[in-house]
Amino acid sequence: MTRAMTRPPRDTSRATRKAGPLLCAIAMTLTWSSAQTQQQAQTITPNFKDADLALVVQAVQSITGKTFIIDPRVRAQVTILSSTPMSADAFYDAFLSVLQVHDFVAVPSGNVVKIVPAQNSRWMPGNDLPNQVSPSSDEIVTQVIQVKNINAANLVPALRPLLPQGAHFVAHQSSNTLIISDRAANVNRMIRIIQRIDQAGDEEVEIIRLENASAAEIVRVVNTLYTAAGPQQEGGVAATKVVADDRTNSVLLSGEKNRRLQLRALIAHLDTPLESGGDTQVRYLRYADAEQLAGKLKEQITGIMQATPGAPPVPGGGGSGAAEKGITIWSDTQNNALIVTAPPKIMRSIMSVVDKLDIRRPQVLIEAILVEISTTKASELGVNWAIGNTDSDSTVPIGTWNQPVGNASIGSIAAAIDNPELLATTGLPTGLTLGAGRFLDNGTNFAVILRALRGDGSSNILQTPSITTLDNEEAEIKVAQEVPFVTGQYSSTGTGGNNGSVNPFQTIQREEVGTILKITPQINEGDAVTLKIEQESSDLAPSATASSGAVDLITNKRTINTKVMVEDGGVIVLGGLIRDAAIENESRVPVLGAIPIIGELFKTRSGSKEKRNLMVFIRPTILRDGVKAAIETNAKYNVMRNQQLQRRGGKVNLLPGERQPLLPPIEELSRYADPTAGATPPAADTDETLIQPPVQTAPLPAQPVPETAPPPPNP
């Protein structure tokens, strides 16, 4: 069996596609030769599409007659399409543009043109100083450019971004020249740019006389600005210089004309007078104290001068060092103003400090509550007796039991009865005193006294002192009496003086008894307040404590010294005391005092019971502005006025037609009678406050004003 052998059909389209560029090149060559033979114009219409670069080089070689050497790394598929005929020179320029697109370059070397990658072109010979090369050509050329007026090295960083990565662009500083190697079109463009920049400068010197600013300060600012902006010119080319002449307060400029014009405009802008004029300013303070602030500013300036290297010493540690620098600060207390003389830099620093210190300081309203409840009971019971014999010459009694009961005994009572002057000063003893006895000229006499004393006392004290002070300022409120206390006495007689006697006298010292509150608030960040508190509350003890044996008045004194932190509007307890004491005393004769019934004649008894509860609370309220202060003030004002309104209906008993004294309505006195008008009312406080809100009571009816009454106060 014979199988028919068949050959697969040939892919004629692929063969045609590969041979197309070569056939096209041959056709162009024949067309050019035919046209040359026929002495017609040399024109070519290229039509290359995805052709190998080597085939295009062959076509260019056949048209231009040039010899090409292709680097093995030169490979690419190129496309050249044109709808119009091109001359041989135009076709060669188009070929160079194709090489540039694919990052290749054609480097002439004698009669040979080398086609290499663009990054290798700088190491191969090219056209040096190519006057014959077209300015728009893409040939690689090397050009040396002489720079005459400016520093060539300063042009490299400015112009290098304008060249491709493969271009070579350096400066030769000793000759102040630029060397550039790139395509002719780029080199020609860079030459034009450099010619515009390399212009002759005007080296005249200008003198600028300053009217307001300091020449040294202006030069320092300008040099700092342009030193930070970049280095000055070098390489023999004059740079712009700015120098200060302190004697004439002038600035000297030298350099290029346009640069001098720029600096002259800058100096003119800086040489402007201060808003308040000159180096001396008068600053009127709104809240701070000028005298205190002036002292603090002097200390600050003195510290700055001492810390500054090269500053003159400060004799005696005072402010003379600042004066040597031309800085003076003093205060005018009448106008509450600061007068400052200083250079502009120091002046700005001082005014910056004043701006931050001369602010409205918040205030703090401190309300304290002192609650004390106490109960005291005391009792004493005892018998005093004495037995004596009047028949004997001795005045000493046979027997006695003399024990004071309630600061009185049978001896003190007998002495007071025998001495009328002493009885007038001391008086009879308090309490119940029962006596019996026998007083005859002969025989045995006796005297018996029974004394009983009971004292009860109770107190319920509530004190709510309040005070308002500035932040970090100590405030003191004192509500007290000056009570006299006997500190010494003299009553003996002598032989000198008037009629041989000395007048008796007593020394008395007055002490404050009452409520004294010293407090220093410090407002912390947020709403917390730190309070430094010294609280003292004292009063005279009730008469029930007279049995304690004190020879003068007894004072109860409670003091608290502490430092606490509490939130705005909060209440904190500072301290307290709870005391419950029972004391029993018994004085008796041994053995005899223990006999039932009869032993009562030989003893005295006393007992006391005391209960005391004391608590101290504090509440601060921050008053950050006038509105908050007006709210608190109006509340307390209305509390007092409401109490006056409720007192007997405003009438005076037994004086018809007369009225009780009454505070005028707050609306007539304060411009902030309604501080919350037009503002959002504060949130209601759910906690029980120390100060009750004012009672909304109806005002009293209008009453006739007597003709002699003074006019109402102006609001």
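**Ground rules.** I number residues from 1 along each chain as its sequence is written. As the model is predicted, local features need pLDDT of at least 70, side-chain atom pairs count only at pLDDT 80 or more, and totals for chains, interfaces and linings use all residues, while side-chain values use heavy atoms, with hydrogens and water left out.

A cavity here is a set of points on a 1 Å grid over the protein atoms alone where a 1.4 Å probe fits but cannot get out, and lining residues have an atom within 4 Å of a point. Points are joined across faces, edges and corners, and the volume is the space filled by probe spheres set on them. I picked the second largest cavity, which holds about 30 Å³. Its lining consists of Leu370, Val371, Glu372, Ile461, Gln463, Ser537, Arg558 and Leu614. Two elements give two or more residues to this lining, β16 (363–389) and β19 (444–463). Strands are DSSP runs of E, at least two residues, numbered from the N terminus. β16 provides the largest share, three residues. By type I noted four nonpolar, two polar and two charged lining residues.

Next I followed β4 (residues 104–109) and β5 (residues 112–117), which pair in the antiparallel sense over six bridges; pairing asks for at least two DSSP bridges. Phe104 stands opposite Pro117 in β5.

Glu206 belongs to β10 (residues 205–209). Its side chain makes a polar contact of 2.4 Å with that of Arg264; such a contact is a pair of N or O atoms within 3.5 Å, one able to donate a hydrogen and the other to accept it. Leaving out residues up to four places away in sequence, Glu206 touches Val251, Leu252, Leu253, Arg260 and Arg264, where contact means heavy atoms within 4.5 Å.

With residues up to four places away left out, Ser538 touches Glu512, Val513, Gly514, Thr555, Asn556 and Lys557. Ser538 and Thr559 are 21 residues apart in sequence and 8.4 Å apart, C-alpha to C-alpha.

How values were computed. On a 1 Å grid over the protein atoms alone, a cavity is a set of points where a 1.4 Å probe fits but cannot get out, and a pocket is an open set with protein on both sides within 12 Å along at least five of seven lines; lining residues have an atom within 4 Å of a point. Helices (H or I, at least four residues) and strands (E, at least two) are DSSP runs, numbered from the N terminus. Ala, Val, Leu, Ile, Met, Phe, Trp, Tyr, Cys and Pro count as nonpolar, Asp, Glu, Lys and Arg as charged, and the others, Gly among them, as polar.
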